[in-house]
Amino acid sequence: MALPLLPGFSRRRNIGGQNFHRSQICGYSNNVRRLFEDKPGIGGELLPGQTMKITSSVFPEAVGSSPPSWIAFDKQVLCFDAYFEEEVPEKHQELYRIRHCKIYFFLEDDTIQVTEPVVKDSGLNQGTLLRRGLVPLPPPHEDQFYTMYHFNINTEITLYGRKYKIIDCDLYTKNFLRKIGIRLNPPARRPDDPYTTERQKRYLESTNPFHPYERFDTLKQFLEFDGQVLGFSCVWNDPELKLSDPRELVLRYYLSDDTIDIREILPPNSGRDVVPFFLKRDKLPKNAPTAPYHPGTITNYTLLNVLGKPERNKGYYLRDVLQTGAVHQEFYKDSDLKIGAIINVWGRQILLCDCDEFTKEHYRKKFGIVDFTPVEYKTPPPPKPEKIIPPYNGFGSEEDSLSSCKGVVVQAPHKDYRQFLVKDRYGMDSFVLRYAAKLITDIAVDKDRKFIISYFLSDDTISVFEYAERNSGIAGGKFLERSRIKKPGQELFKSEPSEYYQAQDLFVGARVCFHGHNFLLVDADEYTFNYMEKNANEFPMADICAVFNKLKSMTESHAKEIRKTFAITDPEHTNVIGYDSFRNWIVSVAGGGFSEHEIMTLGRHYGIRDDSQTDLLLLLSMAQEKLKKNAFENFEQLITVFLYKDREKCGLLPNETCRTIFKSFKLPLPDDLLETLLARFEDNQKQVDYKKFVHALNWRENQVRAFVEEKEQPKREDIWNQLPRSPPVSGVRYPPLLDDLFGKEE
């Protein structure tokens, strides 16, 4: 007998308990905040009338920080193939139906959806049989819901009282179930609905023809050869035009439907009307033109009237399988078309003369034809008469006189604008080659005259300027107006165009004649030497490879004597000899086979040049003066941008990147000064130490004081003979030259 629940007569029911907390009604479900109204009582004990409910998802918890299930299993669905039996009362044709369906299990929230594929003319409401939602288990476990562990192949499940037999599932479902530890059963056989099978059998019997069905399938040919066209060049000898050339045509054969169209190529001023097609696209019969057929003569089938016309004026016809009396037309196929063949185009005999590359490849693969020699149908054109140009008459320039002979309307001579745009002055590149020259004469007064010859690469013109020397009695200035200069020794009145001096004709040591004045080129400026060495393919005198090979062929058999000569010339073993000694050795070895420019090219390549560039401190002082006058002080911002661009944090950036950054800050420095300073601070890989460079420009923290060092003028007498005015280099390193000529000495 239980004790009444009265004070003093009831024992403590929580004796031995350790958990006395009050359940919280606010919590999370799938990491979503919600309010729970079915929480247990104090200490987790069930309240009167409550039953224990399991969670709707039994997924194993992931290791580490796991996302909520509606994110982890988003758009992941298990798909099962199933069927169920449905009784059909009050119908003797069928007692039950087999209805096939698909069961979808959504992993994100354990919901289930059942759909049935739509079958044509089934008479049933098909589609979604069970809307998506949580499905409880059958009694007595109706307080629980289906999970993924309740599904397997070849098993039955009950959804709201209807039994479904699962027969198979897709590959993803199989892999997923295997991963969570479910051993899959073998797939079951899919039964057929007997009534549906019977209906299909009766339908096939009703639609089966009584005679064999002949199908004319052109879709395969269209899909296989659509867009593939054979092209032929052909001609037609028009009998109405006996004196003219044959008419040129282009025939195209379409492989997709065996049709042909023809276009005509009209020559200019032919007098014929321009029509779109010579023959519209259609199948071309071989025996056309023929007598017209009566309507219905050409058909795909032949019908026989077997019973005439009985009552109600109706006839009974039967298809003639033997095609008795059928009319067959022959059309041109691709096998009938080949070079040299004559085809009948509605009574016109057309000759196929040539074809394109696609057509040749098609005939090689399909028919094995390899001979595609074209048929010559055109008469060779007569040779063009040689155009005789009259000789130059002396009026105007040769170009103007030649233009008057080319047409009735005289046009200005054509100028090479491309050469002008490419080689016109741009920035620091003047594209002007300047040479120092002297007159070749026996007159003592003219021997000391000095000239500067300028060759303009933009239009191949030459100007000569004479250097004004005090107390010489000769007024300097412009000696020759800028113009193109003809080479000497040419006939004046001739038909061929005259030859003019080109840039390759001018080099140090060359002798040129300008309008009867003979000049010897004795020197050139630094820009001229650099330009000729950069474009060595145009100037063979400045090509170090060609000059070196020429010297190597002359000295290959005198290695020991040459090494001994250089050792005597350099008694102190400094590995450097003077340029004059080097030049004298080249002259003695070559015996006049080397020009002065070639000797200077070798000397510049192996020589030690004077540091004639502007002093770095002077450049920095000029730059700081510019920055100070414009109050530029954004050096910290410059360093910040440089550090941002330097991804590798190596302290180096390319020259172009540094120049772009300075331009973005609108650095008040001229372009030539900025480029010169960047070139001074870059290494062999064209990388600039930007921290050092910005520190050198900072006139606040690192002010540079400019000073000018006075250098003594060279006392060497300038005699203006065949030697240059000043040596191009101060000395020549002969060990690298000897190693390149004879190899390293052991």
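This is a predicted model: local features need pLDDT of at least 70, side-chain atom pairs count only at pLDDT 80 or more; totals for chains, interfaces and linings use all residues.
## Strands S3 and S8

Strand S3 (residues 77-87) and strand S8 (residues 162-169) run antiparallel and are joined by 4 bridges.

Helix H2 (residues 171-179) lies across S3 and S8, and H2 runs at about 110 degrees to S3.

## The sheet around them

Stepping back, we find an open sheet of 6 strands, paired antiparallel in the order S6-S5-S4-S3-S8-S7. Strand S6 (127-133) and strand S7 (155-159) stand at the edges; each has a single partner strand, so one side of each has no neighbour in the sheet. From one strand to the next, the twist averages 30 degrees.

## Helix H10

Now let us turn to a helix. At the start of H10, a side-chain oxygen of Asp543 comes to within 3.3 Å of the backbone nitrogen of Cys545.

## Two sides of H10

Which residues of H10 are buried? They are Val547, Phe548, Leu551 and Thr555. These residues cover an arc of only 95 degrees around the axis, which puts them on the same side of H10. On the other side of H10, Cys545 and Ser553 are exposed.

The cover over the buried residues of H10 includes helix H11 (559-569), helix H12 (579-590), helix H13 (596-606) and helix H19 (734-742).

Definitions and conventions
Residues are numbered from 1 along each chain as its sequence is written. Side-chain values use heavy atoms; hydrogens and water are left out. Buried means under 20% relative accessible area, exposed over 50%, partly exposed in between (1.4 Å probe, protein chains only). The arc is that of the directions from the helix axis to the C-beta atoms. Contact means heavy atoms within 4.5 Å. A polar contact is a pair of N or O atoms within 3.5 Å; within protein, one must be able to donate a hydrogen and the other to accept it, and residues adjacent in sequence count only if both atoms are side-chain atoms. Two strands pair if DSSP finds at least two bridges between them. Axes are lines fitted to C-alpha atoms, for helices over the stretch in contact, and angles run from 0 to 180 degrees between N-to-C directions.
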